[in-house]
Amino acid sequence: MKKDNIFIDIITGKIKTDILYQDDLVTAFHDKNPKAPVHVLIVPNKLIPTVNDVTDQDEQMLGRLFTVAAKIAKFNNIHNSGYRLIINCNYHSGQEVYHIHMHLLGGQFLGPLLSII
Ligand code: 5GP
């Protein structure tokens, strides 16, 4: 079952959250349940539920997710030590919020890519 997402309310300022970065295409803010010392979510301003829903018109926005991730990694001084970018899609990935978002995780050694329960 797809749940409502809260990210639109964060992007529009309806829910007060520390916004780390915002422009015409994307918004970045801290994950509320951080899984690493740096755990930032970078989210398109436009609601796109999953990667399955992206279109050719979204390519500029999808590229912006990466350029903003690189800027935030540098700002947090984790660009040389390294970090992980994750985008979940649908149930088997564990996607909780149905509004595409990129997780930026770093600040410690992150271990193997997958933990399968
Ligand atoms: P997903 O599993 O969908 O890839 O990741 C959703 C992420 O959104 C989770 O890591 C969760 O902690 C985060 N999250 C869910 N609700 C909120 C919220 O209201 N505020 C913030 N800052 N993060 C949230």
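Modeller: In this predicted model, a polar side-chain atom of Asp31 lies 2.5 Å from an oxygen atom of the ligand.

Biologist: How many residues surround the ligand, and which are the closest?

Modeller: There are 16, and the closest are His30, Asp31, Glu96, His101 and His103. A residue is near a molecule if one of its heavy atoms lies within 4 Å of it.

Biologist: What are the ground rules for the numbers?

Modeller: Residues are numbered from 1 along each chain as its sequence is written. Local features need pLDDT of at least 70 and side-chain atom pairs pLDDT 80 or more, while totals for chains, interfaces and linings use all residues; side-chain values use heavy atoms, without hydrogens and water.

Biologist: Why are S1 and S4 said to stand at the edges of the sheet?

Modeller: The open sheet has 5 strands in the order S1-S2-S3-S5-S4, with antiparallel pairing. Strand S1 (19-22) and strand S4 (83-86) each have a single partner strand, so one side of each has no neighbour in the sheet. Strands are DSSP runs of E with at least two residues, helices are runs of H or I with at least four, and both are numbered from the N terminus.

Biologist: How do you know that S3 and S5 pair?

Modeller: Pairing requires that DSSP finds at least two bridges between two strands. Strand S3 (residues 38-44) and strand S5 (residues 102-106) are joined by 5 bridges and run antiparallel, so they pair. Leu41, for example, has His103 in S5 as its bridge partner.

Biologist: Which strands does helix H2 touch?

Modeller: Helix H2 (residues 59-75) packs on the sheet and touches S1, strand S2 (26-30), S3, S4 and S5.

Biologist: Why is Thr27 called buried?

Modeller: Buried means under 20% relative accessible area, exposed over 50%, and partly exposed in between (1.4 Å probe, protein chains only). Thr27, in strand S2, has 0%, so it is buried. The Thr27 side chain makes a polar contact with that of Gln22 at 2.8 Å. Beyond four places in sequence, Thr27 touches several residues, including Ile11, Ile19, Leu41 and Val43, where contact means heavy atoms within 4.5 Å.

Biologist: What makes Ile19 partly exposed?

Modeller: Ile19, in strand S1, has 36%, which falls between the two cut-offs, so it is partly exposed.

Biologist: Is Asn77 buried or exposed?

Modeller: Asn77 has a relative accessible area of 58%, which is over 50%, so it is exposed. Asn77 is in the loop between H2 and S4, and has a positive phi of about 55 degrees although it is not a glycine.

Terms used. Axes fitted to C-alpha atoms, helices over the stretch in contact; angles between N-to-C directions. Polar contact = N/O pair within 3.5 Å; in protein donor to acceptor, adjacent residues only side chain to side chain.
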